[in-house]
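Reader: I would like to go through this structure step by step. Please show it to me before the questions start.

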Amino acid sequence: MSNQGELPSNEIVVAAVDAKARQSAAQATPPAEDRSRRWPLTAIGVGIGSAALAAALLYANRGNKKN
């Protein structure tokens, strides 16, 4: 350590400098899109998928009736 103003270069110091740089970059970027607007589309997709599974089970079991 010949220079007094220079920090030692170990993994802790490097990680702290990297974290500080990421934090300042994150504060400079605008916030992401609000996910609450996309929620109804997800619910509709789950409903359609559930209906498709129910229809597939009904179709698969229609030949198993014994009269």
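Reader: Which side chains meet in a salt bridge with 3.2 Å from N to O?

Author: This is a predicted model. Side chains of opposite charge can pair when their charged atoms come close. Here a nitrogen and an oxygen lie 3.2 Å apart, and the two side chains belong to Asp18 and Arg22.

Reader: How many salt bridges does the structure hold?

Author: The pair Asp18 and Arg22 forms a salt bridge. For the structure, the count of salt bridges is one.

Reader: Why are Asp18 and Arg22 separated by about one helical turn?

Author: Both residues belong to helix H1, which covers residues 11-28. Asp18 and Arg22 are separated by about one turn because, within that helix, they are four residues apart.

Reader: Which residues form a nonpolar patch on the surface?

Author: One member, Ile48, sits in helix H2, residues 39-61. Ile48 has 56% relative accessibility and therefore counts as exposed. The patch has about 340 Å² of accessible area together, and its residues are Leu41, Ile44 and Ile48.

Reader: What percentage of the 67 residues in the protein do buried residues make up?

Author: The secondary structure comes to two helices and zero strands. The accessible surface of the protein is about 6,600 Å², and carbon and sulfur atoms account for 61% of that surface. Buried means under 20% relative accessible area. Among the 67 residues, the buried share is 0%.

Note on methods. Residues numbered from 1 in each chain as written. Predicted model: local features only at pLDDT ≥ 70, side-chain atom pairs only at ≥ 80, totals over all residues. Heavy atoms only, no water. Patch = residues over 30% accessible without salt bridge, like charges linked within 9 Å, V, L, I, M, F, W, Y side chains within 5 Å. Areas by Shrake-Rupley, 256 points an atom, 1.4 Å probe, with all protein chains shown as cover. Salt bridge = Lys/Arg side-chain N within 4 Å of Asp/Glu carboxyl O. Buried < 20%, exposed > 50% of the residue type's maximum accessible area, 1.4 Å probe, protein only.
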